[in-house]
Amino acid sequence: MNKTTTISIGGFDGMHIGHQALFDKLDDKGTIVVIETGYANLTPDRFRERYTTHRIVYLKLDDIRHLDAKGFVNLLKVKFPKLKKIVVGYDFHFGKDRKYSYDDLKNIFKGEVVVVEEVKHNNDSVHSHKIRAKLQIGDIKGANEFLGHNYMVVGKRIDGQGLGSKELFATINLDVKDFLLPKEGVYATLTRIDDEEHYHPSVSFIGHRVSTDGTFAVESHILDGELTCKDKAEISFVDFIRNNEKFDSIQELKEAIKKDIAKAGKELKFLQL
Ligand SMILES: Cc1cc2nc3c(=O)[nH]c(=O)nc-3n(C[C@H](O)[C@H](O)[C@H](O)COP(=O)(O)O)c2cc1C
Ligand SMILES: Nc1ncnc2c1ncn2[C@@H]1O[C@H](COP(=O)(O)OP(=O)(O)OP(=O)(O)O)[C@@H](O)[C@H]1O
């Protein structure tokens with residue numbers, strides 16, 4: 001913290017292309033100051049760290065929300081005594097009732113305040129809440145374009161019904177906490193198992209298993225061979241394939257999954273893994 005000369009400030013859930021435009025203005029001693037709202041579900045916990053080489057410092061919203069502009073700048077100066085430059089976005093607001101903006105920062109901070117202009121994609125302003133909305137309608141491609149990387153979730157391996165490997169296709173079942181799950185359905189995905197370095201082409205299902213026991217599941221079938229998952233896996237979403245459906249027999253479900261596998265295989269074939 002003592003060496004930090006530049007910082008960027010925000011919630012930064014998702015670390016999307018708008019956020020990255022701010023990080024591009026930091027120097028190599030730059031620090032990202034994450035205001036933790038408790039609502040981050042695109043990159044919860046420490047997952048933001050995957051998408052930057054900059055150091056991240058976390059501030060709890062409850063510890064700063066009552067501050068006025070002076071109080072906020074003072075806190076930053078105490079935390080970062082060598083601070084020379086603050087980078088924020090065009091719509092940055094802070095303090096009580098979010099009533100202060102970059103103008104207040106400019107007035108109070110005796111250094112440089114860089115305001116990054118609005119980053120848009122296809123003429124649409126990029127924001128975390130829009131990425132959440134896209135995931136909730138299964139628009140993976142749209143969400144990934146806003147993110148600048150594939151949306152991914154991490155989960156702990158749990159036991160499934162045991163039906164997959166016997167009568168259908170073997171899947172890794174996951175308990176996913178803290179991450180927003182995309183809409184129920186079937187997805188072309190890449191799955192990373194335990195601490196493996198590379199990702200396997202896969203097809204994943206999210207939803208209530210309305211054709212079998214009705215329970216909710218997040219499961220991934222690996223296309224390039226049956227693998228053992230000990231502890232955890234990560235699913236990186238590439239495309240939406242179809243909605244969750246109720247099939248009248250296991251045989252019909254199996255036929256549908258066969259088609260999903262073929263579709264995912266085709267879609268993922270040309271990806272560099
Ligand atoms: C690619 C794929 C697609 C699936 N699609 C559906 C579906 O549309 N409807 C459904 O009820 N279950 C679907 N399932 C879930 C199956 O019901 C589930 O794999 C099966 O119940 C075996 O579960 P197990 O791994 O817990 O044994 C799908 C699973 C996979 C891997
Ligand atoms: N599209 C964007 N273009 C430029 N700056 C942005 C953009 N989106 C966010 N920022 C800036 O990034 C910082 C973090 O913002 P914030 O965490 O509120 O992101 P957000 O995507 O707007 O989130 P939400 O959708 O929840 O409001 C702020 O300084 C903000 O002004």
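The stretch of residues 146–269 has its end C-alpha atoms 23 Å apart, and the span is 21% helix and 40% strand. Helices (H or I, at least four residues) and strands (E, at least two) are DSSP runs, numbered from the N terminus. For these residues, 146–269, an unreviewed UniProt entry lists "domain: Riboflavin kinase"; UniProt positions are given in the numbering used here, feature names are shortened, and annotations may be inferred rather than shown by experiment.

This is a predicted model, in which local features need pLDDT of at least 70 and side-chain atom pairs count only at pLDDT 80 or more, while totals for chains, interfaces and linings use all residues. Residues are numbered from 1 along each chain as its sequence is written, and chains are lettered from A and ligands numbered from 1 in the order in which they are written.

The protein chain is divided into domain 1 (6–125) and domain 2 (152–268), with bounds that come from an automatic or database domain assignment. The C-alpha centres of domain 1 and domain 2 lie 36 Å apart.

Six strands close into it in the order 10-11-14-13-12-15, with antiparallel pairing; two strands pair if DSSP finds at least two bridges between them. From one strand to the next, the twist averages 45 degrees. Axes here are lines fitted to C-alpha atoms, for helices over the stretch in contact, and angles run from 0 to 180 degrees between N-to-C directions.

Strand 10 (residues 152–158) pairs with strand 11 (residues 172–176) over four bridges, and I158 has N173 of strand 11 as its bridge partner. Strand 11 is in turn joined to strand 14 by three bridges; here I172 is partnered by S220 of strand 14. Between strand 12 (residues 185–193) and strand 13 there are seven bridges, and the bridge partner of G185 in strand 13 is I206.

Helix 8 packs on this sheet, touching strand 12, strand 13, strand 14 and strand 15, and its direction makes about 105 degrees with that of strand 15. Contact means that the C-beta atoms of two residues, placed from the backbone, lie within 7 Å. Helix 6 (residues 140–147) lies across strand 12 and strand 15 (232–243), running at about 130 degrees to strand 15.

Which residues come closest to ligand 1? They are G160, Q161, G164, F205 and S211, out of 23 that surround ligand 1; a residue is near a molecule if its C-beta atom, placed from the backbone, lies within 6 Å of it. Helix 8 provides the largest share of this shell, three residues. The shell divides into nine nonpolar, ten polar and four charged residues. Ala, Val, Leu, Ile, Met, Phe, Trp, Tyr, Cys and Pro count as nonpolar, Asp, Glu, Lys and Arg as charged, and the others, Gly among them, as polar.

Five strands form it in the order 3-2-1-4-7, with parallel pairing. Its edge strands, strand 3 (55–60) and strand 7 (112–116), each pair on one side only. Strand 4 and strand 7 are joined by five bridges, and K85 has E112 of strand 7 as its bridge partner.

Finally, ligand 2 has 21 residues around it, of which G10, G11, G18, G89 and H127 come nearest. Strand 1 (6–10), helix 1 (17–23), strand 4 (85–89) and helix 5 (128–136) each give two or more residues to that shell. Helix 1 gives the most, with four residues.
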